[in-house]
Amino acid sequence: MPLAHYRKKRDFIKTPEPSGKTPSARNLVFVVQLHDASHLHYDFRLKIGNVLKSWAIPKGPSMNPLEKRLAVETEDHPLAYANFEGIIPEDQYGGGIVLIWDHGTFKNITKKGAKRVALKTAYEQGHLVFELFGEKLKGQFVLQKFKTQGKSNWILLKIQDEYANKSNIIKQKPTSVVSGYKLSDFRKNKG
Ligand code: MN
């Protein structure tokens, strides 16, 4: 059952998050959600098949090819989650503020030698190269799976191209691309 892990963790009577029963019909979508839960992190999600494959990135994405970002894979999320911004009640799984930090479309450009690799295969093989067409994130990135001490993890890395730069995008562009709110705007409205 796809999304079984996602549903098991949540009580949809109490959280405003989507249950995923109604799929949304958007194309190759990506979203980055700033999630102020017990630890602040950035949830990076790519539509692969009919779900959003998801990685939690503690430091957030970087436009600097010299800055590797640890990306810890988390449970698949429903497509409708790409539109979710709001407050998950504190007593619920992932309780805290979710803000849509960036979104847009992407293109799979993974190759093996001269051959193109299909998106799902690239994900399964742990080497995914793609181009992002976001409002903040643009250009080519790679998600690379690696093993350390028997544990699997991923790295998100910007590839050197015309969009690569050394700016601190996390600090310079903190607002939601949907509402224009910052985390602090949500915190004010919480109480
Ligand atoms: Mn999260």
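Me: Hey, how many salt bridges does the count come to here?
Reply: The count comes to 9 salt bridges. Keep in mind that this is a predicted model.

Me: OK, which residue does Arg187 form a salt bridge with?
Reply: Arg187 pairs with Asp36, and their closest N and O atoms are 2.9 Å apart. That pair ties together distant parts of the chain: Arg187 belongs to helix H4 (residues 183–190), Asp36 belongs to strand E1, and they are 151 residues apart.

Me: And is Asp36 buried or exposed?
Reply: Asp36 has a relative accessible area of 18%, so it counts as buried, because buried means under 20%. Arg187, at 43% relative accessibility, counts as partly exposed.

Me: What about Asp161, which residue does it form a salt bridge with?
Reply: Asp161 goes with Lys158, and the closest N and O atoms are 2.9 Å apart. Asp161 and Lys158 are buried.

Me: Switching topic: which residues are the protein donors of the manganese ion?
Reply: They are His35 through ND1, His41 through NE2 and Asp43 through OD, lying 2.2 to 2.3 Å from the ion.

Me: What spacing do those donors follow along the chain?
Reply: The donors of the manganese ion follow H-x5-H-x1-D.

Me: Are His41 and Asp43 buried or exposed?
Reply: His41 counts as buried, at 14% relative accessibility. Asp43 counts as buried too, at 5%.

Me: Which side chain meets Asp43 in a salt bridge?
Reply: That would be Arg45, with 3.5 Å from N to O.

Me: Now pockets. How much space lies in the largest pocket?
Reply: About 240 Å³. Its lining is made of 17 residues, and those nearest the centre are His35, His41, Asp43, Tyr93 and Gly94.

Me: Which elements give two or more residues to that lining?
Reply: Three strands do: E1 (29–36), E2 (40–48) and E4 (69–78).

Me: How do the lining residues divide into nonpolar, polar and charged?
Reply: The lining of the largest pocket has 5 nonpolar, 8 polar and 4 charged residues.

Technical notes. Residues numbered from 1 in each chain as written. Predicted model: local features only at pLDDT ≥ 70, side-chain atom pairs only at ≥ 80, totals over all residues. Heavy atoms only, no water. Donors = N, O, S within 2.8 Å, 3.2 Å for Na, K, Ca; no water. Buried < 20%, exposed > 50% of the residue type's maximum accessible area, 1.4 Å probe, protein only. 1 Å grid on protein atoms, 1.4 Å probe; cavity = no way out; pocket = protein on both sides within 12 Å on 5 of 7 lines; lining within 4 Å. Points joined across faces, edges and corners; volume = space filled by probe spheres on them. Helix = DSSP H or I, 4+ residues; strand = E, 2+ residues; numbered from the N terminus. Nonpolar A, V, L, I, M, F, W, Y, C, P; charged D, E, K, R; others polar. Salt bridge = Lys/Arg side-chain N within 4 Å of Asp/Glu carboxyl O.
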